[in-house]
Amino acid sequence: MKRLNVLYFAHVRDRVGHGSETLEVPLDATAGEVAAAIAAKHPGVASLLGATRIAVNGAFVGPDAAVPDGAEFVLIPPVAGGAGPPSVDAPADVAAEPLCP
């Protein structure tokens, strides 16, 4: 077995309930298999995996990437901001002159 330092951010952190943990997985586990092990341990994360990026030791990797023993493994969800789409009734100003001449 290998031990990984797993970090969680944003929605993933909310669903897991904490920001980090140590996870033991088989020595030959790939990044995708580690993500699946996390989803098995924390079922609320499973629905997020399709839109989540994986980083190992600070670099984005694909699901088939090797994960070394002692690695930092991060699930990074999409990041967005704002309060949702603008309202159709949102006020807008139209100017006949350029704003910056």
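**Entry 1: strands 1 and 2**

In which sense do strand 1 and strand 2 pair, and over how many bridges? I looked it up: strand 1 (residues 2-8) and strand 2 pair in the antiparallel sense over six bridges. Two strands count as paired here if DSSP finds at least two bridges between them. I noted two facing positions: Val 6 stands opposite Glu 21 in strand 2, and Arg 3 stands opposite Glu 24 in strand 2.

**Entry 2: what I'm looking at**

This is a predicted model, in which local features need pLDDT of at least 70 and side-chain atom pairs count only at pLDDT 80 or more, while totals for chains, interfaces and linings use all residues. Residues are numbered from 1 along each chain as its sequence is written, and side-chain values use heavy atoms, with hydrogens and water left out.

I get two helices and five strands for the protein chain, in the pattern β-α-β-α-β-β-β along the sequence. Helices (H or I, at least four residues) and strands (E, at least two) are DSSP runs, numbered from the N terminus. Of the 101 residues, 30% are buried; buried means under 20% relative accessible area, exposed over 50%, partly exposed in between (1.4 Å probe, protein chains only).

I traced an open sheet of five strands in the order 2-1-5-3-4, with mixed pairing. Strand 2 and strand 4 (59-61) are at the edges with a single partner strand each, so one side of each has no neighbour in the sheet. Neighbouring strands are turned by 35° against each other on average, direction ignored. Axes are lines fitted to C-alpha atoms, for helices over the stretch in contact, and angles run from 0 to 180 degrees between N-to-C directions.

Next I checked the side chains along strand 2 (residues 20-25), and they alternate.

**Entry 3: helix 2**

Which residues of helix 2 are buried? I found Ala 31, Val 34, Ala 35, Ile 38 and Ala 39. They cover an arc of only 140° around the axis, which puts them on the same side of helix 2; the arc is that of the directions from the helix axis to the C-beta atoms. These buried residues pack against strand 1, strand 2, strand 3, strand 4 and strand 5.

**Entry 4: the core**

The largest nonpolar core has 21 residues, and Val 34, Ile 38, Val 67, Phe 73 and Leu 75 have the most contacts inside it. Helix 2 gives the largest share of this core, four residues. By nonpolar core I mean a set of buried Ala, Val, Leu, Ile, Met, Phe, Trp, Tyr and Cys residues joined through side-chain atoms within 4.5 Å.

Leaving aside its neighbours within four places in sequence, Phe 73 is in contact (heavy atoms within 4.5 Å) with residues including Val 6, Val 34, Ile 38, Ile 54 and Val 67.

**Entry 5: Leu 27**

Is Leu 27 buried or exposed? Leu 27 is exposed, with a relative accessible area of 61%, and its place is in the loop between strand 2 and helix 2. Leaving aside neighbours within four places in sequence, I find Leu 27 in contact with Met 1 and Lys 2. Leu 27 and Val 67 are 40 residues apart in sequence, yet 8.6 Å apart in space, C-alpha to C-alpha.
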